[in-house]
Amino acid sequence: MKIISLIALLSLLFTACSIQSSKKENKKLPNFVVVFIDDMGYGDVGCYGATGYTTPNLDKMAAGGMRFTNFYAAQPVCSASRAGILTGCYPNRIGFSGALRPNSEIGINPDETTIAELLKTKGYATGIFGKWHLGDLPKFLPLQHGFDEFVGLPYSNDMWPLDGLGNPLPEGHRKRTFPELPVITGNEVSERITSLQDQDKLTTLYTEKAVDFINRHADEPFFLYLPHSMGHVPLGVSEKFRGKSEQGKYGDVMMEIDWSVGEIEKALQNNGIDDNTVFIFTADNGPWLNYGNHAGSAGGLREGKTTSWEGGQRVPFIIKWPGKTPAGTICNKLTCAIDLLPSFAEIAGAGLPEQKIDGTSVVELWKGNTEAEPRETILFYYDTNNLNAVRKGNWKLVLPHTWRSYHTTPGQDGHSGARIKMTVEQPELYNMMRDPGEQYNVIESHPEKVAELMEIVEAARAELGDLNVGLEKGSGTREIGKS
């Protein structure tokens with residue numbers, strides 16, 4: 001009897017030790033924090049040249065980490081960009097384009113693997129606090145796609161029955177039938193945003209939820225995704241920052257976002273886990289320039305949101321990874337939002353999705369390897385499935401396409417200005433090292449570069465399609481999720 005009891009005791013001790021050992025091994029895995037800003041331009045952070053306000057927390061983050069100068073969103077618009085960053089795919093590969101509206105019958109396909117689902121296989125806690133925009137029907141919401149917790153809006157904060165000044169829209173307006181903005185907790189609507197004053201609390205709400213998530217999960221690896229609704233119009237800012245910037249309301253909003261980054265950093269430090277966290281800050285696309293003083297800055301790049309010019313997709317990207325990323329460094333190599341998933345997979349030791357993705361691990365760049373060249377090209381898709389440009393190295397070939405230009409008088413104080421339709425009739429070539437503003441077409445001087453880039457274009461068209469030349473789909477495109 002004593003022998004049996006002793007064996008049982010030893011067995012229990014062995015099991016307890018194994019569990020403790022497993023927990024310790026698990027905790028060695030780094031945390032991942034991604035702060036994702038809506039409609040922030042390349043020139044909207046202090047260390048990227050912002051004027052009229054300061055961003056001390058982001059500047060400090062860059063000083064302690066690495067700032068990228070050639071980082072691109074997956075597409076220059078909301079839903080598509082978010083599909084790209086979370087799945088590691090060009091959005092058009094998985095059926096995404098544009099921005100989904102309320103009660104849309106489509107959304108992210110359950111067959112696609114998100115960063116959250118990938119990290120769950122390694123025991124990560126996962127939370128999203130902010131804007132989702134990958135489908136608002138129950139089957140498309142975050143908890144059905146790898147996230148343990150969700151508090152936020154299911155789509156953009158202008159998708160409601162009010163105008164940019166908070167007034168009811170006239171009868172017949174396409175948004176008049178939209179519901180009041182729902183704040184969703186988990187899978188249920190917990191409250192409604194019914195006025196501009198309600199929108200003022202969103203940045204603080206998301207930040208407080210994110211800090212609480214960090215405090216509760218500090219003893220285990222976690223993935224925190226914080227996609228702020230701001231600075232998408234209509235702008236909302238709390239009393240803490242209202243009227244604080246020289247630039248006006250947009251500057252106030254940027255200052256509150258900077259505050260949010262500081263709160264996340266403090267929570268990581270207070271829990272003693274800042275040195276074991278990959279902390280990333282970036283944006284979904286460039287600025288919505290026709291909103292004038294309620295829009296951001298493209299920092300001298302051409303055009304803005306919803307265009308395939310540099311101002312539409314080149315965005316700020318800052319990473320802080322203590323002990324791994326060399327502090328105070330700048331990386332000029334090509335990278336894209338679709339590279340986050342494979343990079344996180346490599347760091348966490350997780351397998352890649354079974355279905356093909358387009359991202360590539362850029363961990364070597366994050367570690368300061370200046371010889372690494374993980375990404376050679378960027379494809380610029382927009383609209384339903386239109387390939388508008390391709391970049392390789394310092395060369396960008398712009399293909400014939402039509403876009404809505406911001407070269408008109410912008411609106412002011414929440415009103416939008418008109419945009420004009422413009423067309424690229426023949427291919428154009430730009431040297432991005434000498435001409436990041438895309439002002440000087442040098443296509444006649446470099447026929448060999450055009451031929452080289454056209455090979456990439458034709459391969460992309462075959463695999464992903466290109467409606468500009470009548471190819472609706474390619475051999476590698478997959479269906480979006482449907483209700």
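Me: Okay, so helices (H or I, at least four residues) and strands (E, at least two) are DSSP runs, numbered from the N terminus. With those labels, where does Pro-234 lie?
Reply: Pro-234 is in the loop between β9 and α7. Keep in mind that this is a predicted model.

Me: Thanks! Is the peptide bond from Val-233 to Pro-234 cis or trans?
Reply: That bond is cis, with omega near 0°. The loop between β9 and α7 also holds Gly-231, and the peptide bond leading from Met-230 to Gly-231 is cis too, with omega near 5°. As background, most residues other than glycine have a negative phi, and most peptide bonds are trans.

Me: Why does Glu-438 count as buried, and why does Asp-413 count as partly exposed?
Reply: Glu-438 counts as buried because its relative accessibility is 1%, and the limit for buried is under 20%. Asp-413 has 46% relative accessibility, so it counts as partly exposed.

Me: Switching to Lys-305: is it buried or exposed?
Reply: Lys-305 counts as buried because its relative accessibility is 3%. Its place is in the loop between β10 (277-283) and α8 (310-313).

Me: Which side chain is joined to that of Lys-305 by a polar contact?
Reply: The side chain of Asp-39, at 3.0 Å. Leaving aside residues up to four places away in sequence, Lys-305 touches several others, including His-232, Trp-288, Tyr-406 and Arg-419.

Me: Now helix packing. How do the axes of α2 and α7 cross?
Reply: The axes of α2 (residues 56-63) and α7 (residues 249-270) come within 7 Å and cross at roughly 50°. The two helices are therefore oblique to each other.

Me: Which residues make that contact?
Reply: From α2 there are Pro-56, Asn-57, Leu-58 and Met-61, and from α7 there are Asp-258, Trp-259, Val-261 and Gly-262. The residues in this contact split into five nonpolar, two polar and one charged.

Me: Nice. What about α9, how many of its residues are buried?
Reply: Eight of its nine residues are buried, so to speak a mostly covered helix, spanning residues 340-348. Among the buried ones are Leu-340, Phe-344 and Ile-347.

Me: Last topic, aromatics. How many aromatic pairs are there?
Reply: The count comes to 20 aromatic pairs. One of them is Phe-223 with Phe-344, edge-to-face at 6.3 Å centre to centre and 70° between the planes.

Me: Why does that pair tie together parts that are apart in sequence?
Reply: Because Phe-223 lies in strand β9 and Phe-344 in helix α9, parts that are 121 residues apart in sequence. Both Phe-223 and Phe-344 are buried.

Me: And which aromatic cluster do they belong to?
Reply: One that also includes Phe-32, Phe-36, Tyr-124, Trp-132, Tyr-225 and Trp-366, among others.

How values were computed
Residues are numbered from 1 along each chain as its sequence is written. This is a predicted model: local features need pLDDT of at least 70, side-chain atom pairs count only at pLDDT 80 or more; totals for chains, interfaces and linings use all residues. Side-chain values use heavy atoms; hydrogens and water are left out. Buried means under 20% relative accessible area, exposed over 50%, partly exposed in between (1.4 Å probe, protein chains only). A polar contact is a pair of N or O atoms within 3.5 Å; within protein, one must be able to donate a hydrogen and the other to accept it, and residues adjacent in sequence count only if both atoms are side-chain atoms. Contact means heavy atoms within 4.5 Å. Axes are lines fitted to C-alpha atoms, for helices over the stretch in contact, and angles run from 0 to 180 degrees between N-to-C directions. Angles under 35 degrees count as roughly parallel, over 145 as roughly antiparallel, 65 to 115 as roughly perpendicular and the rest as oblique. Ala, Val, Leu, Ile, Met, Phe, Trp, Tyr, Cys and Pro count as nonpolar, Asp, Glu, Lys and Arg as charged, and the others, Gly among them, as polar. Rings of Phe, Tyr and Trp (its six-membered ring) pair if their centres lie within 6.5 Å; planes under 30 degrees apart count as stacked, over 60 as edge-to-face and the rest as tilted.
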